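I opened this structure to look up its charged residues and one of its helices. My entries follow.

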Amino acid sequence: MVKIAAGTFAIGTNDPVFIADGEGPKQQIFLDNFYIDKMEVSNRDFARFVDVTNYRTEAEKFGDSFVFRGLLEEKFGTNVTLVAQAPWWVQIKNANWRRPEGPSSDIKNRMDHPVVHVSWNDATAYCKWLGKRLPTEAEWEVACRGGLSDRLYPWGNKLIPNGQYRANTWQGDFPNSNSKEDGYESTSPVTEFPPNKYGLYNMIGNVWEWTFDWWTIEATTRGGPTNPTGPPRGTDKVKKGGSYLCHKSYCFRYRCAARSQNTPDTTAGNLGFRCALSA
């Protein structure tokens, strides 16, 4: 883990891309010392947890999860469930963290990739097992920024500085063709790409990361200027950072200020997490 020293930080933005997401306004907050994982929780990490506790994820209990259609080899007829507003998501039976694209897939060669198909509830259970917790949205965003202010990404404002890819996102025509110029079609190892100035890897791209907070778009209800933890209740949880499926033409949410949400029992092939710890 990396320790982020207590201080006053800026979160949010006065130049939002998705106003309806509540990305703004920019505000000053104070955070106490906290620790955050250097990397996203990997399949190897999560397997150790499952081996010790016999934990079953919600995707395993439900018997299905959502997989990006472009990663599937099968030809689909009419007997599949697609997400109406995002038909590139397919509900696949027996897709889960062990079998990310369904029964014919495995993670043998992906043990150092981030665990996916984990719900907020699953992520919370893992963190508790280690005596940790999920980061608050404010902690996550401060960690993402790496000590920089008013920058889009953890390293600055250019997505590909000096022609070097710094994150795993979509290149090409979403959702039809991924040119994989960053080297990856799906997830990448949790240590891939250079870390930010705090020493944190993959704070944007790769997989969406769950945070502690309930979702709200009202900045005034996110917990105040000191150690904000979000509203006391809600229906969705905040996720941050975007994923390997994000592209500027559709989901330009691989920015530190960007945010989105899902219900706590949602699972998908681009949803993961990292842990935090109060200092």
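This is a predicted model: local features need pLDDT of at least 70, side-chain atom pairs count only at pLDDT 80 or more; totals for chains, interfaces and linings use all residues.

**Entry 1**

I looked up Asp213 and found it buried (under 20% relative accessible area, with exposed meaning over 50% and partly exposed in between; 1.4 Å probe, protein chains only).

Residues are numbered from 1 along each chain as its sequence is written, and side-chain values use heavy atoms, with hydrogens and water left out.

Asp213 sits in strand E10. Helices (H or I, at least four residues) and strands (E, at least two) are DSSP runs, numbered from the N terminus. What does the side chain of Asp213 reach? I found the backbone nitrogen of Gly230, at 3.3 Å. I then listed contacts (heavy atoms within 4.5 Å), leaving aside neighbours within four places in sequence. Among them for Asp213 are Thr136, Glu137, Thr229 and Lys237.

Next I turned to Glu40, in the loop between strand E4 (34–36) and H1. Glu40 is buried and has no salt bridge. Arg274 is the nearest side chain of opposite charge, 4.3 Å away. The side chain of Glu40 makes a polar contact with the side chain of Asn206, at 2.9 Å. A polar contact is a pair of N or O atoms within 3.5 Å; within protein, one must be able to donate a hydrogen and the other to accept it, and residues adjacent in sequence count only if both atoms are side-chain atoms. Neighbours within four places aside, Glu40 is in contact with residues including Pro114, Val190, Phe273 and Arg274.

**Entry 2: salt bridges**

How many salt bridges does a search of the whole structure find? I noted 13.

Arg255 pairs with Glu23, the closest N and O atoms being 2.7 Å apart. The pair links distant parts of the chain, 232 residues apart. Arg255 lies in the loop between E11 and strand E12 (260–262), Glu23 in the loop between strand E2 (7–11) and strand E3 (27–31). Both Arg255 and Glu23 are buried.

Arg98 forms a salt bridge with Glu60, at 3.7 Å between the closest N and O atoms. Arg98 counts as partly exposed because its relative accessibility is 38%. Glu60 is at 19%, so it counts as buried.

Glu101 and Arg110 are bridged at 2.9 Å, and both are buried. I also noted a network of salt bridges that links Glu137, Glu141, Arg145, Lys240 and Arg259.

**Entry 3: helix H3**

Which residues of helix H3 (residues 120–129) are buried? I listed Trp120, Asp122, Ala123, Thr124, Tyr126 and Cys127. They pack against helix H1 (43–53), helix H2 (58–62), strand E10 (208–214) and strand E11 (237–240).

Ser119 caps the N-terminal end of H3, with a side-chain oxygen 3.3 Å from the backbone nitrogen of Asn121. After H3 comes Gly131, whose phi is positive, near 75 degrees.

Leu130 lies in the loop between H3 and helix H4 (137–145). With a relative accessible area of 38%, Leu130 is partly exposed.

Technical notes. A salt bridge is a side-chain nitrogen of Lys or Arg within 4 Å of a carboxyl oxygen of Asp or Glu. Lys and Arg count as positive and Asp and Glu as negative; His and the chain ends are not counted.
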